Amino acid sequence: MILNESSMDMSLTTEEEQAVQQFISVVNELRLVQNVGPLSWSTAVKFMMARKFDITRALKLYEAHEIIRRKEGLIRFDPNCDPLKSELDTGKFTILPTRDSQGAALAVFSASRHNPISSSHNSTLQGLVYQLDVALESFQTQRCGVVFIYNMSDSKYSTFDYEIHQKMLTLLKGGYPARLKKVLIVTAPFWFKAPFKILQLFAPEKLRDRVYMVSIPQLSHHVPSNCLPEDLGGTLKIDHSTWLRHCLKSMANRSGDLFDLVSAPTSPTANGLLCRGRSSETEDSHHSSVHEKQNSEDREKEVEVIKEVSLTVKEPVPSCSPLRESPTSSSSDGSLHNELSGGQTMDEFIQYLKRKGRKGLHEEYAEIKAKGTCDGTFEASRLKANQAKNRYSDVLCYDHSCVKLSCTDTEQGDYINANFVDGYCQRNTFISTQGPLPKTFTDFWRMIWEYKVGVIVMTTHTIERCRAKCGQYWPKDEECSEEFGSFVVHNEGVEDLTDYKMTYLNVTDSKTNQSRRIYHMQFLSWPDYGVPRSALAMLGFRDKVRDKQRDHIENLGDKYSGHPGGPPIVVHCSAGIGRTGTFITLDVSICRLESTGLIDVRKTVEKIRSQRAHSIQMPDQYVFCHLALIEYALSRGLLQDAELAGFNNAESDSE
């Protein structure tokens with residue numbers, strides 16, 4: 001029998017039924033707008049059960065669930081056709097016909113059976129979700145949750161697919177209507193253990209407490225031996241084909257509203273309805289507004305710093321600059337980040353982090369932030385003619401590093417909210433800028449053209465949390481063109497990759513009829529006011545950026561005679577300081593580490609902030625840079641192990 005129901009009570013209390021009804025009312029209002037059928041009672045119960053009948057948390061789960069299903073294509077499964085049929089037949093993922101001692105369902109993923117060459121991420125995730133959907137038809141599974149057994153026995157580094165495992169964990173921890181009771185990682189090889197310790201630091205505390213790394217004998221401490229298959233030290237004989245037949249029969253008898261939840265990509269998100277669904281039912285309903293208020297208060301404090309610096313500023317007469325070659329043609333001697341900058345070895349760096357802990361790094365960031373902007377002025381940014389070109393009134397450009405445009409149009413002027421930022425042993429490696437506004441689209445493309453930029457790094461979505469973060473300054477659809485002043489931008493093609501989107505653009509100056517290829521690289525896994533879910537994903541993206549910069553230099557050929565590192569790379573988020581500063585910090589630090597074996601994150605951040613004010617906006621972004629560098633060192637063999645036990649709980653050495 002598949003997942004036997006116990007004699008436990010399958011009914012809901014009156015309070016639980018009322019909560020489910022409220023949840024359905026909010027969700028169905030959204031689904032009506034999206035032209036999707038109403039949510040069934042049974043499916044609503046799954047979301048509510050997964051969040052212990054907390055309406056606010058269940059609505060958040062519903063929204064996350066819809067987003068991840070749309071992103072990963074987890075809809076309208078056909079288990080009778082490939083590639084899903086072949087994926088299911090591998091038996092790499094299955095639901096056992098037994099339960100643990102508390103009644104939780106047992107799901108097993110066998111890493112050794114996964115071949116990333118023959119299985120796509122989409123088909124692997126579809127196989128997992130298809131079977132979990134069936135398991136969740138059981139009321140007992142909804143009540144007692146799921147134990148996820150990640151079997152690494154006989155797995156090999158050559159076939160290990162980090163991204164698919166990260167996607168599975170992301171799905172289970174916050175994007176799927178099931179209670180994840182435990183994650184049991186069985187017989188993890190040495191090459192997995194070191195990076196796993198670092199990955200744990202990025203996981204939410206509640207999830208970290210549920211993850212266990214165990215041997216096969218230790219597995220019986222979590223799950224009774226008679227409930228485990230033979231290859232995991234138990235006595236159970238697995239009949240995966242019988243389970244698949246049960247899945248097929250179960251899905252055929254269902255309306256399918258769980259795996260057809262996803263609305264069209266152009267439909268509104270659930271954010272607006274989440275706000276209405278919260279009302280005053282729980283204390284958590286105020287969490288989002290409190291977070292927004294705190295962000296606002298932090299920004300107001302930074303505004304005061306800028307005001308103090310600018311009290312005696314007089315408005316200068318606007319100047320016009322002649323058309324220039326990229327300033328990177330100068331030698332590398334003037335870079336703020338050079339070989340003589342010093343730093344720590346990897347061993348010293350790890351010991352430093354163990355002493356500091358997360359709390360100590362937060363305090364260190366506070367010290368950096370407290371220095372303010374007393375070494376620079378913002379005269380050009382504060383000119384009345386330029387104020388409308390700033391996305392945020394409190395994010396201004398230092399005059400000494402401000403990017404200037406050629407003054408071909410006296411009405412447009414030479415100002416753009418952008419600063420040159422040095423890279424490792426190269427001046428003006430980057431241009432840090434804000435997300436372009438519709439009124440600055442033409443200025444943005446003037447800057448791209450005049451400084452021979454070939455790579456644009458975008459670390460934000462155009463819309464986040466129902467707010468405009470950046471304008472759509474490039475043609476979004478393939479084979480479409482848009483005009484920005486004298487520049488015609490044509491979209492030649494789009495690649496949708498795991499964590500980022502690559503758009504190939506062709507930019508033509510209609511005045512000269514010259515054209516250039518531009519690589520637009522948009523990283524999609526980076527939340528506003530936060531850090532990426534995966535440091536390795538960010539590091540892999542950074543490597544691709546560097547690859548495309550090399551392609552751009554090759555494309556320029558004899559037309560470029562500047563620094564071997566190439567023209568500036570444009571990096572922007574919304575304000576051009578938080579995620580932008582984090583990306584640049586990582587690039588500079590990695591280049592220094594590769595060249596000298598040394599790291600100094602604090603000095604790197606301080607120097608970047610001296611060229612683009614307020615770069616790295618949040619303490620967690622500062623912490624992320626440190627942890628990401630350890631992951632980089634582990635992935636490149638520069639470090640064999642990194643023991644950071646107690647990092648999240650370590651006391652600051654300043655106390």
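**Strand pairing, aromatic contacts and confidence**

Q: Which residue of S2 is the bridge partner of Ile-95?
A: In this predicted model, strand S1 (residues 93–99) and S2 run antiparallel and are joined by 4 bridges. Within that pairing, the residue of S2 that forms the bridge with Ile-95 is Ala-107.

Q: What is the phi of Gly-103 in the turn between S1 and S2?
A: S1 and S2 form a hairpin, with 5 residues between the two strands. Gly-103 belongs to this turn, and its phi is positive, with a value of about 95°.

Q: How many of the 6 residues of strand S2 are buried?
A: One side of S2 carries Ala-105, Ala-107 and Phe-109, the other carries Leu-106, Val-108 and Ser-110, and both faces are covered, with all of these residues buried. Strand S2 (residues 105–110) is therefore largely enclosed by the rest of the structure, the number of its residues that are buried being 6 of the 6.

Q: Which class of aromatic pair do Tyr-504 and Tyr-519 form?
A: The count of aromatic pairs comes to 21. For Tyr-504 and Tyr-519 the ring centres are 5.9 Å apart and the planes stand at 75°, and since planes over 60 degrees apart count as edge-to-face, the pair of Tyr-504 and Tyr-519 is edge-to-face.

Q: How many residues apart are Tyr-504 and Tyr-519?
A: Both Tyr-504 and Tyr-519 are buried. Tyr-504 lies in strand S14 (residues 500–509) and Tyr-519 in strand S15 (residues 514–523), and the pair links distant parts of the chain, with a separation of 15 residues.

Q: What is the angle between the planes of Phe-523 and Phe-541?
A: Phe-523 and Phe-541 form an aromatic pair with a distance of 5.0 Å centre to centre. The pair is classed as tilted, the angle between the planes being 50°.

Q: What span from first C-alpha to last is expected for H18 at 1.5 Å a residue?
A: Among the buried residues of H18 are Met-538, Phe-541, Val-545, Gln-549 and His-552, and the helix is followed by Gly-557, whose phi is positive, near 60°. H18 has 22 residues and reaches 32 Å, which is close to the expected span of 32 Å.

Q: Over the ring of which residue does the charged end of Arg-516 sit?
A: The charged end of Lys-182 sits over the ring of Tyr-212, 5.6 Å from its centre. For Arg-516, the charged end lies 3.8 Å from the centre of a ring, and that ring belongs to Trp-449.

Q: Is Ser-486 buried or exposed?
A: Ser-486 lies in the loop between strand S12 (481–484) and strand S13 (487–496). Leaving aside neighbours within four places in sequence, Ser-486 is in contact with Thr-508, Asp-509, Ser-510 and Lys-511. Its relative accessible area is 16%, and because buried means under 20%, Ser-486 is classed as buried.

Q: With which residues is Glu-16 in contact, leaving aside its neighbours within four places in sequence?
A: Glu-16 lies in helix H1 (residues 14–33) and counts as buried, at 14% relative accessibility. Beyond those sequence neighbours, Glu-16 is in contact with Phe-53 and Arg-143.

Q: How many contacts beyond four places in sequence does the model have for residues 259–326?
A: The protein averages a pLDDT of 82, and 80% of the residues score at least 70. pLDDT stays under 50 over residues 328–332, for which there are 17 contacts beyond four places in sequence. Over residues 259–326 pLDDT also stays under 50, and the number of such contacts in the model is 118.

Conventions: Residues are numbered from 1 along each chain as its sequence is written. This is a predicted model: local features need pLDDT of at least 70, side-chain atom pairs count only at pLDDT 80 or more; totals for chains, interfaces and linings use all residues. Side-chain values use heavy atoms; hydrogens and water are left out. Buried means under 20% relative accessible area, exposed over 50%, partly exposed in between (1.4 Å probe, protein chains only). Two strands pair if DSSP finds at least two bridges between them. Rings of Phe, Tyr and Trp (its six-membered ring) pair if their centres lie within 6.5 Å; planes under 30 degrees apart count as stacked, over 60 as edge-to-face and the rest as tilted. A charge sits over a ring if NZ of Lys or CZ of Arg is within 6 Å of the ring centre and within 35 degrees of the ring normal. pLDDT is the predictor's confidence in each residue, from 0 to 100. Contact means heavy atoms within 4.5 Å. The expected span of a helix is 1.5 Å times one less than its number of residues.
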